[in-house]
Amino acid sequence: MPLEIVTIPCLSDNYAYLLHEAETGATALVDAPEADPIRVALDERGWGLDHVLLTHHHWDHVDGLAELREAFSPQVWGAKADAERLPALDHALSDGDTVPLLGEEMHVFDVSGHTIGHIAFHFPASAALFTADSLMAMGCGRLFEGTPEMMMASLGKLAALPGETRVYSGHEYTAHNARFAITIEPGNPELQARMARITEARSREEPTVPSTLAEERATNPFLRAHVPAVKAGAGLPEGSDLAVFTAVREARNGF
């Protein structure tokens, strides 16, 4: 049975996620921006908290952990490569690790770029991918520490997963990302249709995540640097994929 996944809005635009295995009652949390809304979601469902999976060290993904740790004593999982900047870990993970968790296998990807040591969590049996600030709905995270080469390689790992995989990213940035994406590829009908769906969802204050990898491959400019229309939109019709990716990321920084 696939995991039950609950999206929890936190802070001004963050998301945390609860993953619940019905058979054993075990629950994991992906990222801990703040404790209160997470505790409310757990209390409403009568769930405990057995595991916390941290994607990266930024404060808006870890600040709620201390309170949750005190209340529930969960096992904390995070990147071995970033252990010195993360809260204390019970389990240190590396790229390529496969771990039995919540009744299925969890696959770990190093997706450095936004930060060095950022990781993503893939639960293939549930078709769920938790990407935080690497691959995002209609975008990708700003490159605070990594290089364009690094982020492009990280996104390539994720984009190779099955198209039905649901992408649970770390922020509600989709509408702004979409407004940028249409400036790069205005003639993309799938992008136009997705923008309309996003606008409607946000008018009802509904989350725009998760998306699917198929949607991202069809509309996200950071997965489309190889597409002639995106190269043209970036002003580099003959440019390499990396040059186009870099130009698109730089343009998004100032958008």
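What joins the side chains of Asp 133 and His 56? A polar contact of 3.4 Å does; the term covers a pair of N or O atoms within 3.5 Å, where within protein one must be able to donate a hydrogen and the other to accept it, and residues adjacent in sequence count only if both atoms are side-chain atoms.

A quick word on the ground rules. This is a predicted model, where local features need pLDDT of at least 70, side-chain atom pairs count only at pLDDT 80 or more, and totals for chains, interfaces and linings use all residues. Residues are numbered from 1 along each chain as its sequence is written, and side-chain values use heavy atoms, with hydrogens and water left out.

UniProt, in an unreviewed entry, puts the feature "binding site" at Asp 60, His 61, Asp 133 and His 171; such annotations may be inferred rather than shown by experiment. These residues span 112 residues in sequence, yet no two of their C-alpha atoms are more than 10.9 Å apart, so they gather at one spot.

| Residue | Relative accessible area |
|---|---|
| Asp 60 | 11%, buried |
| Asp 133 | 4%, buried |
| Thr 115 | 0%, buried |

Leaving aside neighbours within four places in sequence, Asp 60 is in contact with Leu 11, Asn 14, Pro 33 and His 171. On that basis, the partners of Asp 133 include His 61, His 114 and His 171. Thr 115, not counting residues up to four places away, touches His 56, His 57, His 58 and Glu 145.

How values were computed:
Buried < 20%, exposed > 50% of the residue type's maximum accessible area, 1.4 Å probe, protein only. Contact = heavy atoms within 4.5 Å.
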